[in-house]
Amino acid sequence: MKFFLLFSALGLCWAQYAPHTQQGRTSIVHLFEWRWADIAEECERYLGPKGFGGVQVSPPNENVVITNPYRPWWERYQPVSYKLCSRSGNEDEFRNMVTRCNNVGVRIYVDAIINHMCGVGNAAGTSSTCGSYYNPHNRDFPAVPYSGWDFNDGKCKTESGGIENYVDPFQVRDCRLSGLLDLALEKDYVRSKIAEYLNHLIAIGVAGFRIDASKHMWPGDIKAVLDKLHNLSTNWFPEGSRPFIYQEVIDLGGEAIKSSEYVGNGRVTEFKYGAKLGTVIRKWNGEKMSYLKNWGEGWGFMPSDRALVFVDNHDNQRGHGAGGASILTFWDARLYKMAVGFMLAHPYGITRVMSSYYWQRHFENGKDVNDWTGPPNNNGMTKEITINPDTTCGNGWVCEHRWRQIRNMVAFRNVVDGQPFSNWWDNGSNQVAFGRGNRGFIVFNNDDWSLSSTLQTGLPAGTYCDVISGDKVDGNCTGIKIYVSGEGMAHFSISNSAEDPFIAIHSESKL
């Protein structure tokens, strides 16, 4: 009986690390700032059919409407209440999206803002996405309700009330981040109001949460909130399923707070991943792709079964957050596709693909002064996602997840799921290749000269379609064909000037 109880406890504990994606689906896409109506459509017409596992959505709760600058992306990170209305849509539209996405096997993960309410500098009033009254100066948020008792003003020991020193873990967790009013998460009332909000989302059918600004909360306080959460809806999930949790902890190794402090609560965002992969793909600081042979824990990352990874996110693609100039984004499309391809082929972590929008970049003293720009809009109303004849997006939306090379590597990861990292090859420089058991093989040429090599793929004999240069359509390849011999050998040629200097084949791309 004791063994059974221990096993049950372990099973429940383990559940928050699993994203509850359907069998054969492995990757999350962040549809940053998309409207709920557009996400519902995208689940049905594209994400479900193409094998995406789930969607991270922007914060759905009521926030301050900021007009100077005009409707920046970061207004979504300034909560006023936990009512479900934002520029992405109202509660009915949110419910409709969750239902429609779940019905086609695509899970929804909510970006949950629980560390703070809006900034102290906002004027009192009803300038919010639902029209609720709030007064940050008096710590008055009647739509929750929160009052002065519910914030960390008395606990923070800095003169300004804000974080002044990131080497002091007490300041980082008890003081205001960028002027945002810091909630007193040690209080059961505050924990209960947050849990009430998250449980409302669970009842609607969401599969889990990205916990924003986790580094700015004590791990024990986060755990206390998570302990109050209900099991997932049995409409779509097995009985007893716990919400998937991944916590935003920026830890590049130089501060007092470590990612490892948070792994007991769920997965943690591994920010070193994109920062270091960007440095390697850019060939900065003498880095080479051949050094990626022991990628993962060998590079000082957290354990794979605790990590959520990405090449870029909504913060650092704008120069915020972590990683600085090494971060690769859609603006560097050729290198970016290689980095995302590598991430999706490599077994480390749970992978999240970014899906962005364009903005008018303008640099002054090396800084993009337009990094605040909100989503494409007409007078503050977010523009719908339009789909071009070539399946890319219009109306100012980038939609990297629809780029053939990225969409096909999402499929590659699904095909090779559970297969070991195998058949590594490199030329000692920036030409590398590796397999995933007997299910997939990928080759990169990031050198300034051509690659021409015969390599052991580990795949069964046959003709395969390269899924980077094209697709397998009606029993033929629209791109390059790769011939694998009876011994598993295949010849690869990749010019250093190729638009996409990498080739990927897998068992389902075989003719």
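Modeller: Start with proline 69, which is found in the loop between strand 2 (54–57) and helix 3. Helices (H or I, at least four residues) and strands (E, at least two) are DSSP runs, numbered from the N terminus.

Colleague: What kind of peptide bond runs from asparagine 68 to proline 69?
Modeller: That bond is cis, with omega near 0°. A cis peptide bond also joins valine 144 and proline 145, where omega is about 0°. Proline 145 lies in the loop between strand 4 and helix 4.

Colleague: Why point those out?
Modeller: Because most peptide bonds are trans, and most residues other than glycine have a negative phi.

Colleague: Before going on, where does the model come from, and how are residues counted?
Modeller: This is a predicted model: local features need pLDDT of at least 70, side-chain atom pairs count only at pLDDT 80 or more, and totals for chains, interfaces and linings use all residues. Residues are numbered from 1 along each chain as its sequence is written, and side-chain values use heavy atoms, with hydrogens and water left out.

Colleague: You mentioned phi. Which value does asparagine 365 have?
Modeller: Phi of asparagine 365 is near 55°, a positive value in a residue other than glycine. Asparagine 365 sits in the loop between strand 11 (363–364) and strand 12 (367–368).

Colleague: Is asparagine 365 buried or exposed?
Modeller: Asparagine 365 counts as exposed, because its relative accessibility is 86%. Buried means under 20% relative accessible area, exposed over 50%, and partly exposed in between (1.4 Å probe, protein chains only).

Colleague: And what about phi of asparagine 379?
Modeller: Phi of asparagine 379 is near 50°, again a positive value in a residue other than glycine. The loop between strand 13 (377–378) and strand 14 (381–382) holds asparagine 379. Asparagine 379 is exposed, at a relative accessible area of 72%.

Colleague: Let's change topic. How many disulfides are there?
Modeller: The structure holds 5 disulfides, a disulfide being a pair of cysteine sulfur atoms within 2.5 Å. One of them joins cysteine 43 to cysteine 101, with 2.1 Å from S to S. This pair links distant parts of the chain: cysteine 43 is in helix 2 (residues 36–47) and cysteine 101 in helix 3 (residues 91–103), 58 residues apart.

Colleague: Which hand does that link have?
Modeller: The link of cysteine 43 and cysteine 101 is right-handed, with 90° about the S-S bond. Cysteine 43 and cysteine 101 are both buried.

Colleague: What does cysteine 156 bond to?
Modeller: Cysteine 156 is joined to cysteine 175 by a disulfide, S to S 2.0 Å. The two lie in distant parts of the chain, 19 residues apart: cysteine 156 in the loop between strand 4 (116–119) and helix 4 (169–174), and cysteine 175 in the loop between helix 4 and strand 5 (180–182). The link of cysteine 156 and cysteine 175 is right-handed, with 95° about the S-S bond. Cysteine 156 is buried, as is cysteine 175.

Colleague: Which hand does the link of cysteine 393 and cysteine 399 have?
Modeller: Left-handed, with -95° about the S-S bond. The sulfur atoms of cysteine 393 and cysteine 399 are 2.1 Å apart. Cysteine 393 is buried, with a relative accessible area of 10%, and cysteine 399 is buried, with 1%.

Colleague: What pattern do the disulfides follow?
Modeller: Counting bonded cysteines along the chain, the pattern is 1-3, 2-4, 5-6, 7-8, 9-10. Cysteine 118 is in no disulfide, and the nearest cysteine sulfur, that of cysteine 130, is 14 Å away. Cysteine 118 is buried, at a relative accessible area of 0%.

Colleague: Now the whole chain. What is its secondary structure?
Modeller: The protein chain has 9 helices and 26 strands. Its radius of gyration is 23 Å, close to the 24 Å that the globule rule gives for 511 residues, so the chain is as compact as a globular protein of that length. The radius is taken over C-alpha atoms, and the rule is 2.2 Å times the number of residues to the power 0.38.

Colleague: How much of the chain counts as buried?
Modeller: Of the 511 residues, 58% count as buried.
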